Amino acid sequence: MTTTAHPTLAAYTTELVTDEGAFAELAPAWGRLYRRCGTATPFQSHAWLHSWWRSYGTPGRLRLLLVRYGGELVGAAPLTLVHRPLPTLVPLGGAISDYADVLLADADDGRVADTLTRELAEAARTTLIDFREVRPGGAAERVYERWRGPCRKVPDSVCLELPAVSMDELVGRLPSNKAQRVRAKLRKLDSLGVRRDVVPPDGVDAALRRLLDLHRLQWQERKVTTEHLQSRFQEHLVRSVGPMVRSGDAVVTEFRLDDEVVAVDLTLLAPSLAGGYLYGAHPRLRERKADVAVMLLDACTQHTGTGERGALSLLRGDEPYKHHWRPLPVVNQRLLLARRRTAPLLTAALCDAAARQRIKEVRQRWKERRQE
């Protein structure tokens, strides 16, 4: 169901949406707000979040907190209620989303943020609020600054970022010997005749299915993110990316060798960043000595070299191959918010986070010793 809107300050009204149908109907208004929030990432677009809910949401647990001014949507917190390990309100998007956030227009003078913060406090009377994977500078930080109850900020995942410049400029940042090797790899791609084509909107669905087929093939008999192989993930990706391509929030690129599609890449786009989200590549490319990482990065820079993006994000993960490009580590934030009566939930979440961090450090040290 959807609760009735009620007045707050002046012409501001708030609403709690718990119905999937009402969520679907928010698409136009959500899109207008999204365009006015410069820190938003594609993971906060309506197409991504509504599709995620259809694939991963639990009926009865949708919690969209909305703020309107004169009927227009000016603030939104897309959340869902979970009960394990603690009763908590968490962002929509889950583990398959690299960033989470609320939506607040850049022009807000603080009144929308104040209103949204109060509504979040009202919604959290018996639960914790746990904003995972908030990119530094995200709109959720404005809520955190206004929170009057117990709250804590702890580090979350590391994302590696490069400047949003052309491929030539990225190569120019490398030491001369590494730069020479990259240029040789680019020439190799040219000599092989690898061609890239941006997929038009009417071809996106089929291209995404090819991407997932190639992704499954490239990771055959190797450790892979198992969620990427699930039918619900495929349904979510196909359902969400088509609208995102049409609105300019994503681009799908196919790579051909001898007129055969040998790789497909999905890159997400926002004013603040561009980032390669997922790709699939045929083993044939590596057999032909083509450097897939260089090929994909070269394609991604086609959308950053104009200077319209704030950063070229390699998204979550601290894999060694990403460090070849001398990226800047940017640590997402985890923002934990509680009321006084729910402070024990905050303490429990912090203890759990500390324990997980210790386990991670022990595993890393063990891995390093094995490599010595």
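Modeller: Let us begin with a pocket. The largest share of the lining of the second largest pocket comes from H11, which gives six residues. Helices (H or I, at least four residues) and strands (E, at least two) are DSSP runs numbered from the N terminus. This is a predicted model, in which local features need pLDDT of at least 70 and side-chain atom pairs count only at pLDDT 80 or more, whereas totals for chains, interfaces and linings use all residues. Residues are numbered from 1 along each chain as its sequence is written, and side-chain values use heavy atoms, with hydrogens and water left out.

Colleague: How much space lies in the second largest pocket, and which residues are the closest to its centre?

Modeller: A pocket is an open set of points on a 1 Å grid over the protein atoms alone, with protein on both sides within 12 Å along at least five of seven lines; a cavity is a set where a 1.4 Å probe fits but cannot get out; lining residues have an atom within 4 Å of a point. Points are joined across faces, edges and corners, and a volume is the space filled by probe spheres set on them. Here the second largest pocket holds about 1600 Å³. Its lining has 44 residues, and Tyr-279, Leu-314, Glu-319, Tyr-321 and Lys-322 are the closest to its centre. Among the elements that each supply at least two lining residues are helix H7 (176-192), helix H11 (292-300) and strand S13 (312-316).

Colleague: How do H7 and H11 pack?

Modeller: Axes are lines fitted to C-alpha atoms, for helices over the stretch in contact, and angles run from 0 to 180 degrees between N-to-C directions. Under 35 degrees counts as roughly parallel, over 145 as roughly antiparallel, 65 to 115 as roughly perpendicular and the rest as oblique. The angle between H7 and H11 is about 85°, and their axes lie 10 Å apart; the two helices are therefore roughly perpendicular. In contact (heavy atoms within 4.5 Å) are Val-182, Lys-185, Leu-186 and Leu-189 of H7 with Val-294, Met-295 and Asp-298 of H11. Five of these residues are nonpolar, none polar and two charged. In this scheme Ala, Val, Leu, Ile, Met, Phe, Trp, Tyr, Cys and Pro are nonpolar, Asp, Glu, Lys and Arg charged, and the others, Gly among them, polar.

Colleague: At what angle do H3 and H9 pack?

Modeller: Helix H3 (residues 46-56) packs against helix H9 (residues 231-246) at about 160°, with axes 9 Å apart. H3 is thus roughly antiparallel to H9. Their contact includes Trp-48 and Trp-52 of H3 and Phe-233 and Leu-237 of H9. By class it has eight nonpolar, four polar and four charged residues.

Colleague: Which element gives the largest share of the lining of the largest pocket?

Modeller: Helix H12 (343-371) gives that share, with 13 residues. The largest pocket holds about 2000 Å³. Of its 47 lining residues, Arg-132, Glu-133, Asp-156, Ser-157 and Lys-360 are the closest to the centre. The lining divides into 21 nonpolar, 10 polar and 16 charged residues.

Colleague: How many cavities of 30 Å³ or more are counted?

Modeller: The count is one, with about 30 Å³ of space in the largest cavity. Thr-39, Tyr-99 and Asp-101 are among the residues that line it.

Colleague: Which backbone features remain?

Modeller: Most residues other than glycine have a negative phi, and most peptide bonds are trans. In this model, a cis peptide bond with omega of about 0° joins Arg-84 and Pro-85, and Pro-85 lies in the loop between S4 and S5. Asp-259, although not a glycine, has a positive phi of about 65°; Asp-259 is in the loop between strand S10 (250-257) and S11.
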